[in-house]
Amino acid sequence: MKGRIRVIGVGDDGCLSLTSRAINAVAETEVLAGASRHLAFFPQFQGERLKLTTPIEGYLQAISESAQQRDVCVLASGDPMFFGIGSRIKTFLDGLEQPPELEIIPSLSAMQLACARLGWASQETGLLSVHGRPLAGLVARLQQGGRFVLLTDAEHNPKSVAQHLLEFGETHWRVHLCEALGGVNERVRSFSVEELTQGKAEPVQPLNLMMLERTDALRWGGYPGHCPDDAYAKRTPDRGLITKAPVRAVAVANLRVQPDSVVWDLGAGSGSIGIEAAKQAWQGQVYAVECNDQCYPTLEANRFAHRVDNLTLIKGRAPQALEQLPDPDAVFCGGSRGEMKAIFELALARLKPGGRLVFSAVTLESLSELHQLCRDAGVDAQVLMLSAAHGQSLAHYTRYQGDNPIHLFTIEKRAKGQ
């Protein structure tokens, strides 16, 4: 006889949350697996018990082995396929030559319960999680909507989340703190971001999630998408070390950044290219690489002002500073400090298939070097010269003040066989 695995979702109210199908599954099973708090809901069970252990791979192996000849019920929280163990079990079983039969019997998820308590339409509510995930990137994701459910954990608890929001000036959120939903200790309270950082919600029950409701329509700190140069802090000289707005718009467009892209901004300066790329890669990660320590305060100020917590400042010189970074989907290089050849070759080698490089050339010497590097590498580069001029008052008239022409080299890395 070949066994099977049934994953049963259980609410914080225990057996009261179970359907008749779930109750029958537990009554029929020979092995009951789960965390201690879930197993405690079934003191009458007389069969074998498998307690959740870590690392979880050993637990999954024990479940699989038990299911070779017997029926196994795995207890999980709420909906097992909602950030739960159900997907881990499915992935593990898919890797076996002869996996046992798998059935998922869900209960209500924490998100469903929270939306019901507040009267929010679930389909209009975004879902975010910092449970076992970093806080970096949370603020960028929050720019995509007005209402969110946020799953927390012991490390990234409501207070630490609020401190992260406060650091990036994201105080325009009303936070509804939902604790022990569905259980006898259920509690729903509302706080401002500042109140949470001050500990006014303490103590908070371990099982909790945060419902965030926007109270201000401004996104990205009031700097959405492409911005004028004045939206960025710049260090001297007077007009600042910044890729000017007309060039920046074309350069970022040519990078073809996707929501989950990994982007390198090399020679970041004020960080404007990386910041505008980060707003497009709101689920991804941008690395602004800069070796001039005089640029760091300005770049960090722009990072906070534009709310791009998915942008990381890498203090170092390329190409050495690139070794530990993940392979990029897009690379912009606005300054090489004499390392053009090494940067070009490394960026081209590390770039993912389908990715894009955009290199800027300001001088005739860098233009000639980039042209030769492309020929030596056997790549076809799209070369574009940009020359912009801005209206400037002159007595009772308006004249044009031109910027220095810039050449952009755009290279797309094709997959093998293309």
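I began with I5, which stands opposite V72 in β4. The model is predicted, and I read every entry with that in mind.

**Entry 1: the parallel sheet**

Strand β1 (residues 4-10) and strand β4 (residues 71-77) run parallel and are joined by seven bridges. Helix α4 (residues 85-94) packs on the sheet, where it touches β1, β4 and β5. The direction of α4 makes about 170° with that of β5. I then checked helix α1 (residues 20-28). Helix α1 lies across β1, β2 (31-34), β4 and β5. Its run is at about 130° to β1.

Next I wrote down the strand order. The sheet is open, has five strands and reads β3-β2-β4-β1-β5, with parallel pairing. Which strands stand at the edges? They are β3 (48-51) and β5 (101-105). Each has a single partner strand, so one side of each is left without a neighbour in the sheet. From one strand to the next, the twist averages 20°.

**Entry 2: strand β10**

I moved on to β10, residues 208-214. Two partners turned up. Strand β7 (residues 147-151) runs antiparallel to β10 and is joined to it by five bridges. In that pairing, I found L150 with M210 as its bridge partner in β10. Strand β8 (residues 173-179) is also antiparallel to β10, with seven bridges. There, R174 has E213 as its bridge partner in β10.

I sorted the side chains by direction. In a regular strand the side chains alternate between the two faces of the sheet. Here N208, M210, L212 and R214 point one way, while L209, M211 and E213 point the other way. Is β10 mostly covered or mostly open? It is mostly covered, as seven of its seven residues are buried. I noted that the buried set includes R214 and E213.

**Entry 3: N208**

I stopped at N208, in strand β10. Why does N208 count as buried? Its relative accessibility is 13%, and the cut-off for buried is under 20%. I looked for polar partners. The side chains of N208 and T152 are joined by a polar contact of 2.7 Å. A polar atom of the N208 side chain also lies 3.3 Å from the backbone oxygen of P206. I then listed the contacts of N208, setting aside neighbours within four places in sequence. They are T152, P158, L177, C178 and E179.

In soluble globular proteins, nonpolar side chains tend to be buried together. I looked for such groups here. The largest nonpolar core has 31 residues, and L311 and L408 have the most contacts inside it. Several elements give two or more residues to this core, among them α9 (245-255), α10 (272-280), β12 (285-290) and β19 (406-412). The list also includes α11 (296-305), β13 (311-315) and β14 (330-333).

I checked what surrounds L311. Leaving out residues up to four places away in sequence, L311 touches G274, I275, A278, Q285, V286, A288, L299 and R303. There is a second, separate core of 27 residues. I343, L348, L370 and C374 are included in it.

**Entry 4: the whole chain**

The chain has 13 helices and 19 strands. Its C-alpha atoms fill a box of roughly 90 × 50 × 35 Å along the principal axes. Of its 418 residues, 48% count as buried. The chain exposes about 20300 Å², and carbon and sulfur atoms supply 51% of that. I also noted the contacts between residues at least 6 apart in sequence: 67% of them join residues at least 24 apart.

Conventions:
Residues numbered from 1 in each chain as written. Predicted model: local features only at pLDDT ≥ 70, side-chain atom pairs only at ≥ 80, totals over all residues. Heavy atoms only, no water. Helix = DSSP H or I, 4+ residues; strand = E, 2+ residues; numbered from the N terminus. Buried < 20%, exposed > 50% of the residue type's maximum accessible area, 1.4 Å probe, protein only. Polar contact = N/O pair within 3.5 Å; in protein donor to acceptor, adjacent residues only side chain to side chain. Contact = heavy atoms within 4.5 Å. Pairing = 2+ DSSP bridges. Axes fitted to C-alpha atoms, helices over the stretch in contact; angles between N-to-C directions. Areas by Shrake-Rupley, 256 points an atom, 1.4 Å probe, with all protein chains shown as cover. Core = buried A, V, L, I, M, F, W, Y, C linked by side-chain atoms within 4.5 Å.
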